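Q: Hi! Could you walk me through this one? I'd like to start with a helix and what surrounds it.

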Amino acid sequence: MKVYHGSVEIVDKPEIRIGKRTLDYGIGFYVTTSESQATDWTLKRCIALKLTEGYVNVYSIDEKAIRQLKMLRFDGPTDEWIDFVHANRTDKSFSHDYDVVYGPVADDRVYTAFALFESGLLSREELKVRLKSYELVDQFLFHTEESLKYLHFETVKSIKV
């Protein structure tokens, strides 16, 4: 399976980086099966940082081999997904021990809906109805050093702003 990571750098050796912000599935290395999602993310980062070039890094995953890892899979915006994303985004003490997490991306529209939910302006059911109306792109989080062994760099595509 081919997956993509948008960046302002060429990332031929993925690594776990401790970030300052809370992400959907926690700390780790994120990829998606959507090349357009990775391209869009690259363009946004380049514009924010006033850069003229970014990169979509392309990797392969051995789908059979990765099943050996401890994996959490969300097939859509379920109650469990909402709870997991919400905990990762709001509870600084929350952690998990999954090697890989797979599920929908909480993009800008989803973040807005989550913000309304977190502030009490949307109920859980209203949030789920909203999320199910969106076309959600997927993402993988490689959360452990062990999991990174299953991600193989293939090539990189230059993205000009």
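A: Happy to; bear in mind that this is a predicted model. The cover over the buried residues of H4 includes helix H3 (79-90) and helix H5 (124-133).

Q: Which residues of H4 are buried, then?
A: Helix H4 spans residues 108-118, and its buried residues are Val110, Ala113, Phe114 and Phe117. They lie on the same side of H4, because they cover an arc of only 100° around the axis.

Q: And how do H3 and H4 pack, at what angle?
A: The angle is about 85°, and their axes are 12 Å apart. H3 and H4 are therefore roughly perpendicular to each other.

Q: Which residues meet there?
A: From H3 you have Trp81, Ile82, Val85, His86, Arg89 and Thr90, and they meet Val110, Tyr111, Phe114, Phe117 and Glu118 of H4. By type, this contact of H3 with H4 has seven nonpolar, two polar and two charged residues.

Q: What follows H4?
A: Gly120 does, with a positive phi near 90°.

Q: Let's zoom out. How many helices and strands are there in the protein?
A: Six helices and seven strands. Starting at the N terminus, the order is β-β-α-β-α-β-α-β-α-α-β-α-β. The protein is as compact as a globular protein of that length, because its radius of gyration is 16 Å, close to the 15 Å that the globule rule gives for 161 residues.

Q: What share of the residues is buried?
A: Buried residues account for 46% of the 161.

Q: And what about contacts across the sequence?
A: Of the contacts between residues at least 6 apart in sequence, 84% join residues at least 24 apart.

Definitions and conventions:
Residues are numbered from 1 along each chain as its sequence is written. This is a predicted model: local features need pLDDT of at least 70, side-chain atom pairs count only at pLDDT 80 or more; totals for chains, interfaces and linings use all residues. Side-chain values use heavy atoms; hydrogens and water are left out. Buried means under 20% relative accessible area, exposed over 50%, partly exposed in between (1.4 Å probe, protein chains only). Helices (H or I, at least four residues) and strands (E, at least two) are DSSP runs, numbered from the N terminus. The arc is that of the directions from the helix axis to the C-beta atoms. Contact means heavy atoms within 4.5 Å. Axes are lines fitted to C-alpha atoms, for helices over the stretch in contact, and angles run from 0 to 180 degrees between N-to-C directions. Angles under 35 degrees count as roughly parallel, over 145 as roughly antiparallel, 65 to 115 as roughly perpendicular and the rest as oblique. Ala, Val, Leu, Ile, Met, Phe, Trp, Tyr, Cys and Pro count as nonpolar, Asp, Glu, Lys and Arg as charged, and the others, Gly among them, as polar. The radius of gyration is taken over C-alpha atoms; the globule rule is 2.2 Å times the number of residues to the power 0.38.
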